[in-house]
Amino acid sequence: MARVAERSRQQSALWSGARRHVLDLDDFTRAEIEDVLLNADGMKEVFGREVKKTPALRGKTIITVFFEASTRTRVSFEQAGKILGADVINVTSSASSVTKGESLLNTVRTLQAMQIDALVMRHPHSGSPYFVARHLDASVINAGDGTHAHPTQALLDIYTVERLRGKLDGKRVAIIGDILYSRVARSNMIGMQKMGAEVVVCGPPTLLPAGFVPGSSVAEGLPYEGVRIARRVEEAVDGADVVMVLRIQRERQDAGHLPSLREYSREYGINAERLKLARPDALLMHPGPMNEGVEISTEVAHGPQSVIEEQVANGVAIRMAILYMLCARAANVGA
């Protein structure tokens with residue numbers, strides 16, 4: 001842990017001074033992302049110990065507030081904080097005063113009065129963490145806001161690829177599925193392009209954002225500028241170094257975006273036959289939870305190219321790094 005602390009003291013000025021929050025990756029530089037990945041290496045070493053405990057954040061208080069259901073993200077943030085020795089308090093919307101009509105602003109003011117050091121927040125409305133960050137002295141970490149962003153998921157995905165296959169520079173990353181509603185896809189497109197990857201997406205035209213004009217080969221406008229568009233899954237996967245499959249959000253299907261899940265699986269589902277089109281050593285990724293038999297077959301989801309469980313483990317290391325770096329920043333600024 002001493003090595004990790006020394007690296008943190010040597011962080012760039014952006015980490016040690018200006019950055020208070022992690023809300024998305026659009027305002028991150030490549031150097032900042034690399035700082036996170038470097039710190040995650042040390043955190044992964046701690047996570048791999050028999051006794052997973054350090055006093056690095058002893059005396060710090062972290063609150064997680066999830067207004068949407070979550071397993072991987074919520075638990076990994078809780079585990080990350082506790083491994084680092086912080087006091088972690090978990091709040092869900094069903095057990096909060098929100099159910100009694102309390103506004104988000106008043107909830108934030110209540111949490112502020114508790115003198116917390118970091119707030120981890122998931123909310124169904126895009127932009128909510130930005131609103132909270134304007135009214136909270138503590139660091140705010142976006143754990144997913146509506147269809148907008150999921151920065152720590154993108155960071156753990158980048159970390160997984162780079163630690164297994166080297167730098168992303170020049171690598172082809174295929175993102176397949178529901179791009180329109182996926183905050184994971186948006187943050188990954190931003191982050192992976194910053195790290196030098198060629199990103200290509202494929203999905204039903206009804207599940208592509210406005211910047212993805214049907215018939216075009218490249219997306220238009222920020223933050224998607226430079227992202228390639230494939231008309232067929234086979235075209236997207238061909239020669240890919242990474243195949244990232246997105247969850248089809250069943251709750252959205254009532255909006256009429258797809259004729260049926262069966263048709264989606266036939267046209268866009270990733271199976272063994274389609275995965276063979278990628279490079280032989282290509283990584284198969286999925287942010288979870290998976291709809292096996294819909295967007296991904298069971299055979300490949302649990303096959304030799306799948307790194308889905310590795311993503312989960314790396315999520316703890318990345319979130320440890322983020323919590324440590326933000327809280328260390330606060331301590332350094334106040335020193």
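Predicted model: local features only at pLDDT ≥ 70, side-chain atom pairs only at ≥ 80, totals over all residues.
Which element gives the most to the lining of the largest cavity? The answer is H13, with four residues.

The structure holds three cavities of 30 Å³ or more. The largest cavity has a volume of about 90 Å³. Its lining is made of Arg72, Ser76, Gln153, Leu156, His286, Pro287, Ile308, Gln311, Val312 and Arg319. Two or more of these residues come from each of helix H4 (72-83), H7 and helix H13 (308-334). By class, the lining of the largest cavity divides into four nonpolar, four polar and two charged residues.

Now turn to the pocket. The largest pocket has a volume of about 530 Å³. It is lined by 24 residues. Nearest its centre lie Arg122, Arg183, Arg247, Gly288 and Pro289. H4 supplies at least two residues of this lining, and so does helix H8 (183-194). H4 also gives two or more residues to the lining of the largest cavity. The lining of the largest pocket has seven nonpolar, 10 polar and seven charged residues. Domain 1 and domain 2 both contribute to the lining of the largest pocket, so this pocket lies between them.

The peptide bond from glycine 288 to proline 289 is cis. Its omega is near -10°. Proline 289 is found in the loop between strand E9 (283-285) and helix H12 (298-301).

Glutamine 115 has phi near 55°, a positive value in a residue other than glycine. This glutamine lies between helix H5 (104-113) and strand E3 (118-123).

How do H3 and H7 cross, and at what angle? The axes of helix H3 (residues 30-47) and helix H7 (residues 151-165) come within 10 Å and cross at roughly 75°. An angle of 65 to 115 degrees counts as roughly perpendicular. H3 and H7 are therefore roughly perpendicular to each other. From H3, the residues in contact are Ile33, Val36, Leu37, Leu38, Ala40, Asp41 and Lys44. They meet Leu155, Ile158, Tyr159, Glu162 and Arg163 in H7. By class, this contact has eight nonpolar, no polar and four charged residues.

Methods:
Residues numbered from 1 in each chain as written. Heavy atoms only, no water. Axes fitted to C-alpha atoms, helices over the stretch in contact; angles between N-to-C directions. Parallel < 35°, antiparallel > 145°, perpendicular 65-115°, else oblique. Contact = heavy atoms within 4.5 Å. Nonpolar A, V, L, I, M, F, W, Y, C, P; charged D, E, K, R; others polar. 1 Å grid on protein atoms, 1.4 Å probe; cavity = no way out; pocket = protein on both sides within 12 Å on 5 of 7 lines; lining within 4 Å. Points joined across faces, edges and corners; volume = space filled by probe spheres on them. Domains from an automatic or database assignment.
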